[in-house]
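Here is a short briefing on one protein model. Look over the sequence and the fold before reading on.

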Amino acid sequence: MNCTVIGLGYIGLPTSAILANAGHQVLGVDINEKILNTLKEKKIHINEPGLYDLVIKNIEEKNLTFSKNIETSDVFIITVPTPFKAKDTSKIPIPDLSFVINAANAIIEKIKPGNLIILESTSPVGTTEMISKIIFDKTGLSSSEIHIAYCPERVIPGNILKEIVENDRVIGGLTKEAAAKAKQFY
């Protein structure tokens, strides 16, 4: 299966490597040229036990590639950051969803019927519906044609590779079919 992981940070890069190691053809996408150049030099920008070897193995086996450009895919996984906007401790922190919105907009031209889109970025309630509206409005496709799900990643740095594989996941889909497809994928 072709998978595109958008965002190559501490969740996206390990997720890309794990998926590639499971036999998927994975394209890791990031807008940060420094990250892409580091990866193309067969180095990594994240200090995580075992990650370097897993990334290099899958680059060499041609299961894992990196680019700034998104291509057509069967599965799109959004793993971009959602930092807080407000730093004032007297206010409730509000997440900046601009990276998630930008990622959703970036895949619009590559989406085709049957695609599975999974949001893994830590996001507030309603974010999956928000990106689905963007996707449905701009593609003209519906929830019976594109499957959108949310599966937040919960890992501890230093143990990410093990936890991506072994931790239970919470999966929610916009439809029962979307949830079932995400469950099957994971």
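How many bridges join strand S1 to S4, and do they run parallel or antiparallel? Four bridges join strand S1 (residues 2–6) to S4, and the two run parallel. This is a predicted model: local features need pLDDT of at least 70, side-chain atom pairs count only at pLDDT 80 or more, and totals for chains, interfaces and linings use all residues. Residues are numbered from 1 along each chain as its sequence is written, and side-chain values use heavy atoms, with hydrogens and water left out.

**Sheet**

- Seven strands form an open sheet with mixed pairing, in the order S3-S2-S1-S4-S5-S6-S7.
- Strand S3 (64–67) and strand S7 (172–173) stand at the edges with a single partner strand each, so one side of each has no neighbour in the sheet.
- Strands pair if DSSP finds at least two bridges between them.
- Strands (E, at least two residues) and helices (H or I, at least four) are DSSP runs, numbered from the N terminus.
- Thr4 stands opposite Phe76 in S4.

**Helix H5**

- Helix H5 (residues 127–139) has 13 residues and reaches 18 Å from its first C-alpha to its last.
- That is close to the 18 Å expected at 1.5 Å a residue, taken as 1.5 Å times one less than the number of residues.
- Thr127, Thr128, Ile131, Ser132, Ile134, Ile135 and Phe136 of H5 are buried (under 20% relative accessible area, with a 1.4 Å probe and protein chains only).
- These buried residues pack against strand S4 (75–78), H4, strand S5 (116–119) and strand S6 (147–150).

**Largest pocket**

- The largest pocket has a volume of about 530 Å³.
- On a 1 Å grid over the protein atoms alone, a pocket is an open set of points where a 1.4 Å probe fits, with protein on both sides within 12 Å along at least five of seven lines; lining residues have an atom within 4 Å of a point.
- Its lining holds 25 residues, and the closest to the centre are Gly7, Thr79, Val80, Pro81 and Ser121.
- Helix H4 (residues 98–107) gives the largest share of this lining, four residues.
- By class, the lining has 13 nonpolar, eight polar and four charged residues; Gly counts as polar.

**Second largest pocket**

- About 210 Å³ of space lies in the second largest pocket.
- Residues lining this pocket include Thr15, His24, Glu120, Arg169 and Tyr186.
- H1 gives the most to the lining, with three residues.
- Seven lining residues are nonpolar, three polar and two charged.

Notes
Grid points are joined across faces, edges and corners, and a volume is the space filled by probe spheres set on the points. Buried means under 20% relative accessible area, exposed over 50%, partly exposed in between (1.4 Å probe, protein chains only). Contact means heavy atoms within 4.5 Å.
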